[in-house]
Number of protein chains: 2
Amino acid sequence: MTQSLHGAPLVIIDLQMAIDHPDWGPRNNPDAERSIAKLLTVWREKGWPVIHVKHNSSHSNSPYRPGQSGNDFKPEVAPIAGENIIAKTTHSAFIDPALGTALAKLKTKTLIIAGVKTNNSIETTVRHGENLGYDIHLLADGCFTHDQVDWNGKSWSAEDVHAHALSNLDGEYCRVTTIDALLSEISA
Amino acid sequence: MTQSLHGAPLVIIDLQMAIDHPDWGPRNNPDAERSIAKLLTVWREKGWPVIHVKHNSSHSNSPYRPGQSGNDFKPEVAPIAGENIIAKTTHSAFIDPALGTALAKLKTKTLIIAGVKTNNSIETTVRHGENLGYDIHLLADGCFTHDQVDWNGKSWSAEDVHAHALSNLDGEYCRVTTIDALLSEISA
């Protein structure tokens with residue numbers, strides 16, 4: 001890594017009620033929210049920055065559209081007073097300059113990412129962020145996705161979709177690690 | 001589609017000799033270069049714009065690094081006089097403003113994309129481009145990739161990696177189509 005992870009911002013992406021909509025189908029990493037909550041507790045105890053990225057879909061049929069309960073943060077990982085909330089309407093959290101501005105204020109190019117979905121907004125944000133020069137640490141067990149049918153009509157389990165996305169990213173666009181490995185690192 | 005594909009720019013990404021390096025492993029779509037060449041002939045006969053995106057890697061061990069034969073365009077799809085060549089050093093062709101500027105000069109937000117690799121620079125460019133507001137038509141048989149081992153250690157064939165990437169993109173970030181379907185559309 002190019003910079004210590006002590007004090008690096010924890011960026012949680014799109015973890016809103018909408019991700020539980022049954023239309024998504026079966027998911028992997030059922031403990032992701034609880035694991036992120038454990039990490040959040042540590043970050044809050046240390047007073048390190050937490051940034052919540054909130055997806056405000058402009059699609060009329062999206063459960064992420066504002067004005068519905070799907071737009072609300074999942075309670076396990078909801079922001080507390082003083083934490084930064086950044087809204088986005090695209091997949092990449094870096095299209096709108098707000099996230100870049102927040103990171104610049106924190107004087108860091110290093111960030112830790114968790115959230116959903118591994119192969120959609122997470123993958124797009126990590127790809128874009130690395131191309132912009134950010135040093136990203138992605139939490140494999142702090143992300144999840146859903147079953148998917150590929151372009152040839154072949155069905156893949158959520159865990160396969162997730163593991164494939166992580167292999168696109170690891171070493172090429174970010175470092176993929178786990179929540180426990182990160183906790184060991186910062187306590188070392 | 002939001003705009004006619006008649007006269008839309010054909011953007012060919014990273015189709016350089018480096019992609020034949022044996023370290024990549026087995027690939028899919030062995031006819032991709034010949035199929036793109038067929039499309040190029042039509043585009044050139046019609047006088048429609050062609051943009052060649054050239055990857056100039058800054059990594060010392062990359063076959064795409066300038067100063068090696070790997071940096072050269074593949075002969076089947078090499079630029080001819082008058083065609084635009086845009087250099088890039090990152091995965092997304094939209095990080096440097098040159099591609100956006102070229103498209104603005106052509107007064108279009110619509111583009112057709114082919115090239116390599118499906119799940120690396122192609123996928124990053126399509127994700128980024130859509131998030132910037134471009135209307136992208138991606139040619140399934142005008143792209144290819146290589147075998148890959150995922151984060152769980154499971155091996156995927158190049159065709160599975162390719163089909164999985166296309167299913168991430170189709171309908172969410174672009175329209176995935178084929179070269180023959182595109183040729184039928186423009187002659188209709």
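Predicted model: local features only at pLDDT ≥ 70, side-chain atom pairs only at ≥ 80, totals over all residues.
Along its principal axes, the C-alpha trace of chain A spans about 45 × 35 × 30 Å. Of the 188 residues of this chain, 56% count as buried, and chain A exposes about 7600 Å², of which carbon and sulfur atoms supply 52%. Among the contacts in chain A with a separation of 6 or more, 79% are between residues 24 or more positions apart.

An unreviewed UniProt entry annotates residues 10-178 of chain A as the domain "Isochorismatase-like". The end C-alpha atoms of this span lie 13 Å apart, and the span is 29% helix and 23% strand.

Side chains of opposite charge can pair when their charged atoms come close. Over all chains, the count comes to 22 salt bridges. In one of them, Asp20(A) pairs with Lys74(A), with the closest N and O atoms 2.7 Å apart. Asp20(A) lies in the loop between β1 (10-13) and α1 (32-46) and Lys74(A) in the loop between β2 (50-55) and β3 (84-88) of chain A, so the pair ties together parts that are 54 residues apart in sequence. Asp20(A) counts as partly exposed because its relative accessibility is 39%, whereas Lys74(A), at 6%, counts as buried.

Another salt bridge crosses between chains: Asp160(B) pairs with Lys154(A), the closest N and O atoms being 2.9 Å apart. Here Asp160(B) belongs to helix α4 (residues 158-169) of chain B, while Lys154(A) sits in the loop between β6 (148-149) and β7 (155-156) of chain A. Asp160(B) is buried at 12% relative accessibility, and Lys154(A) is partly exposed at 38%.

Finally, in chain B, Thr90(B) is found in the loop between β3 (84-88) and α2 (98-105). Thr90(B) counts as buried because its relative accessibility is 18%, and a polar atom of its side chain lies 3.1 Å from the backbone oxygen of Ser92(B). Leaving aside residues up to four places away in sequence, Thr90(B) touches His55(B) and Ile95(B) as well as Asn131(A).

Key. Residues numbered from 1 in each chain as written. Chains lettered and ligands numbered in written order. Heavy atoms only, no water. UniProt positions renumbered as here; feature names shortened; annotations may be inferred. Helix = DSSP H or I, 4+ residues; strand = E, 2+ residues; numbered from the N terminus. Buried < 20%, exposed > 50% of the residue type's maximum accessible area, 1.4 Å probe, protein only. Polar contact = N/O pair within 3.5 Å; in protein donor to acceptor, adjacent residues only side chain to side chain. Contact = heavy atoms within 4.5 Å. Areas by Shrake-Rupley, 256 points an atom, 1.4 Å probe, with all protein chains shown as cover. Salt bridge = Lys/Arg side-chain N within 4 Å of Asp/Glu carboxyl O.
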